[in-house]
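Please read them with the structure open.

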Amino acid sequence: MAKIIAGVGTSHIPSVGAAIDNGKTGIEYWKPLFDGYGAARKWMEDTKPDVAIIVFNDHASAFSLELIPTFAVGVAPEFQPADEGYGPRKVPVVKGHPELAWHLTENLILNEFDITIVNNMPVDHGLTVPLSVMCDQPKEWPCKVIPLAVNVVQYPQPTGKRCHDLGKAIRKAVESFDEDLNVVVFGTGGMSHQLQGERAGLINADFDKAFLDDLTQDVDRLVKIPHTEYLREAGSEGIELIMWLIMRGALADDAKEIYRHYHVPASNTGAGLIILENQ
Ligand code: DHB
Ligand code: FE
């Protein structure tokens with residue numbers, strides 16, 4: 001059977017992708033951030049997951065304001081890097097896993113999560129930057145990817161509880177797939193940041209560190225954080241952190257933290273990375 005072996009939480013900062021693509025990771029500004037990625041990349045190489053379910057958000061690249069699914073699963077055999085205005089990133093095409101993606105979609109819908117089915121979706125920095133963070137610059141991405149897009153850009157977003165419950169349903173669905181696959185779930189985006197308005201530039205390292213701590217110490221607290229608290233404490237884009245709760249919900253209650261890295265500032269965000277493993 002398939003099983004979820006681990007979860008990864010990581011920021012998806014676009015300029016981190018640009019730093020990698022343009023060979024700038026060693027310069028003074030970026031080095032402290034990228035120094036912390038080495039151990040995570042080594043973990044990824046050693047762990048060799050067959051499939052990564054990447055919970056991410058589209059930033060009006062695949063979906064315009066004309067159509068905004070709350071939760072959407074990509075069931076296609078491949079997903080092209082999106083053109084976000086400066087040409088598509090020169091990173092490998094993302095290969096899907098249609099069989100597991102359809103199984104996941106069917107299970108989630110029959111389990112009363114109304115998932116949008118996506119057959120064609122260019123994937124933007126929300127998905128490709130986490131892959132670059134964890135895998136650097138390979139010729140091909142080292143695993144199949146099932147993109148799971150969450151609306152965090154347009155009110156109303158799903159609640160943290162809904163996201164955590166979706167994670168639990170993902171775990172059930174994966175564990176009922178009749179093929180031996182090791183699956184890692186990525187929760188992406190965040191951490192605290194605000195890109196707009198009077199408080200643009202807001203970063204709250206205390207909030208971010210407590211969030212990282214409570215992914216293992218007090219998940220109930222995280223699940224109860226209301227949207228208003230994300231806005232107030234973590235900025236308007238800090239709400240991307242609800243995607244990490246899907247990752248957390250997909251893991252066992254006693255999942256163990258095995259690595260973390262937190263660095264400020266990285267572009268406009270507190271940049272976080274955490275790896276949790278099922279025992
Ligand atoms: C930045 C962060 C984001 O999450 C994003 O989607 C766009 C930009 C930033 O820090 O620059
Ligand atoms: Fe974002």
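What radius of gyration would a compact globule with 279 residues have, and what does the protein chain have?

1. Overall dimensions. This is a predicted model. A compact globule with 279 residues would have a radius of gyration near 19 Å, and the protein chain, at 17 Å, agrees with that. The C-alpha trace spans about 50 × 40 × 40 Å along its principal axes.

2. Buried residues account for 56% of the 279 residues. Of the contacts in the protein chain with a separation of 6 or more, 80% are between residues 24 or more positions apart. The protein chain exposes about 11900 Å², and 50% of this comes from carbon and sulfur atoms.

3. The sheet. The protein chain has 10 helices and 10 strands. Eight strands make up an open sheet with mixed pairing, in the order 6-3-7-2-8-1-10-9. The edges are strand 6 (116–118) and strand 9 (256–266); each has a single partner strand, so one side of each lacks a neighbour in the sheet. On average, neighbouring strands are turned by 20° against each other, direction ignored.

4. Strands 1 and 8. Strand 1 runs parallel to strand 8 (residues 182–188), and seven bridges join the two. Within this pairing, A6 stands opposite V184 in strand 8.

5. Helices on the sheet. Helix 3 (residues 38–47) packs on the sheet and touches strand 1, strand 8, strand 9 and strand 10 (269–277). The direction of helix 3 makes about 30° with that of strand 10. Helix 10 (residues 242–249) lies across strand 1, strand 2, strand 3, strand 7 (144–150), strand 8 and strand 10. Helix 10 runs at about 160° to strand 8.

6. The iron site. Which residues coordinate the iron ion (ligand 2)? The donors are H12 (NE2), H59 (NE2) and E240 (OE), at 2.1 to 2.3 Å. Their spacing in sequence is H-x46-H-x180-E. H12 and H59 link distant parts of the chain, being 47 residues apart. H12 is in the loop between strand 1 (3–10) and helix 1 (14–21), while H59 is in the loop between strand 2 (51–56) and strand 3 (71–74).

7. Exposure of the two histidines. Is H12 buried or exposed? H12 counts as buried because its relative accessibility is 3%, under the 20% limit. H59, with a relative accessible area of 24%, is partly exposed.

Notes
Residues are numbered from 1 along each chain as its sequence is written. Chains are lettered from A and ligands numbered from 1 in the order in which they are written. This is a predicted model: local features need pLDDT of at least 70, side-chain atom pairs count only at pLDDT 80 or more; totals for chains, interfaces and linings use all residues. Side-chain values use heavy atoms; hydrogens and water are left out. Donors are N, O and S atoms within 2.8 Å of the metal (3.2 Å for Na, K and Ca); water is not among the atoms, so sites may look incomplete. Helices (H or I, at least four residues) and strands (E, at least two) are DSSP runs, numbered from the N terminus. Buried means under 20% relative accessible area, exposed over 50%, partly exposed in between (1.4 Å probe, protein chains only). Two strands pair if DSSP finds at least two bridges between them. Axes are lines fitted to C-alpha atoms, for helices over the stretch in contact, and angles run from 0 to 180 degrees between N-to-C directions. Contact means heavy atoms within 4.5 Å. The radius of gyration is taken over C-alpha atoms; the globule rule is 2.2 Å times the number of residues to the power 0.38. Accessible areas come from the Shrake-Rupley method with a 1.4 Å probe; for residues, only the protein chains shown count as cover.
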